[in-house]
Amino acid sequence: MSAPAHAFGIDIGGSGVKGAAVDLRTGELVHDRIKIPTPQPSTPQAVAAAVAELVAQAGWTGPVGVTLPAVVLDGVARTAANIDKAWIGTDARALFSAALGGRAVSVLNDADAAGLAEDRYGAAKDFDGLVLLLTFGTGIGSALLYNGTLVPNSELGHAEVGGAETEHRAAASIKERDGLSFEQWAAEVSNVLIGLENLFWPKVFVAGGGISRDADQWIPLLTNRTPVVPAHLRNTAGIVGAAMAVDAGLAP
């Protein structure tokens, strides 16, 4: 019997740097995920050192996939959300590769990584065609995939619907800030989804972010036409998607 195909993924967030080896046959973590607090300030050099520490703790010696809360083009961070603004313009791929002794590294947007994972192993695995993942949190992250192929850096949280950016209408933080009930917030989410489906007509929306744990309280209230399903992988999706990206050699 051949050995399982494993790859290593790291998901960098505003509060934690999390990583693990992933069994690419199943999308399951090979061991408990390792978490290191995101350095404060979260400068590129400090975060690269945390990534190197995490990989050393895991004893991993191969290539590494890394997510960033940023638009990533050719390995270079073009934006910075929930990390230090010094990331903007940083060649993240070269930085992480150097911190890891010159090994191969893939870097991609965190929502894109989650979309890859949910499309192959999670909530969208039984859907073909166009899949659109939205993560509802402080803002709205997005991932757009067609038959498993990622269209990177979609940033649909900044798309305008009804004269306002989608994340200014329907991020989970808006529900908290304005004290909205699930019914009130679901009405805003419905408006956003209708606007996006009028443009893209996906086969399914995958709803991620922490509020997806309460999916039974708001997904049934939505009035858009496209099916909406809660994300399955949740806090492992970024790790799994990063591992998938480095295994496939994806480099947005």
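1. In this predicted model, Glu197 and Arg225 form a salt bridge, with their closest N and O atoms 2.9 Å apart. The two residues come from distant parts of the chain, 28 residues apart: Glu197 belongs to helix 6, and Arg225 to the loop between helix 7 (215-218) and strand 15 (228-230). Glu197 counts as buried, at 0% relative accessibility. Arg225, with a relative accessible area of 47%, is partly exposed.

2. Helix 6 also supplies Glu188, whose partner Arg169 sits in helix 4 (residues 166-170); the pair therefore ties together parts that are 19 residues apart in sequence. The closest N and O atoms of the salt bridge between Glu188 and Arg169 are 3.0 Å apart. Here the acidic residue, Glu188, is partly exposed at 25% relative accessibility. Arg169 is buried, because its relative accessible area of 17% is under the 20% limit.

3. Lys203 and Asp128 are joined through their side chains in a salt bridge of 2.6 Å, N to O. Lys203 is partly exposed, at 41% relative accessibility. Asp128 is also partly exposed, at 47%. The structure has 5 salt bridges, among them the pairs described in these points.

4. Turning to helix packing, the axes of helix 1 (residues 44-58) and helix 2 (residues 92-99) come within 9 Å of each other and cross at roughly 45 degrees.

5. On the helix 1 side, the contact with helix 2 involves Pro44, Gln45, Val47, Ala48, Val51 and Ala52; on the helix 2 side, Leu95, Phe96 and Ala99 take part. By residue class, the contact of helix 1 with helix 2 has 8 nonpolar members, 1 polar and no charged.

6. What does Ala52 touch, leaving aside residues up to four places away in sequence? Ala52 touches Ala99 and Leu100. Ala52 lies in helix 1, and at 22% relative accessibility Ala52 counts as partly exposed. The C-alpha atoms of Ala52 and Ala99 are separated by 6.0 Å, although the two residues are 47 residues apart along the chain.

7. Helix 3 packs against helix 8 (residues 237-248) at an angle of about 90 degrees, and their axes are 7 Å apart. That angle lies between 65 and 115 degrees, so helix 3 is roughly perpendicular to helix 8. From helix 3 the contact takes in Ala113, Ala114, Leu116, Ala117, Glu118 and Arg120, and from helix 8 it takes in Ala237, Gly238, Val240, Gly241, Ala242 and Met244. The residues of the contact of helix 3 with helix 8 divide into 8 nonpolar, 2 polar and 2 charged.

Note on methods. Residues numbered from 1 in each chain as written. Predicted model: local features only at pLDDT ≥ 70, side-chain atom pairs only at ≥ 80, totals over all residues. Heavy atoms only, no water. Salt bridge = Lys/Arg side-chain N within 4 Å of Asp/Glu carboxyl O. Buried < 20%, exposed > 50% of the residue type's maximum accessible area, 1.4 Å probe, protein only. Helix = DSSP H or I, 4+ residues; strand = E, 2+ residues; numbered from the N terminus. Axes fitted to C-alpha atoms, helices over the stretch in contact; angles between N-to-C directions. Contact = heavy atoms within 4.5 Å. Nonpolar A, V, L, I, M, F, W, Y, C, P; charged D, E, K, R; others polar. Parallel < 35°, antiparallel > 145°, perpendicular 65-115°, else oblique.
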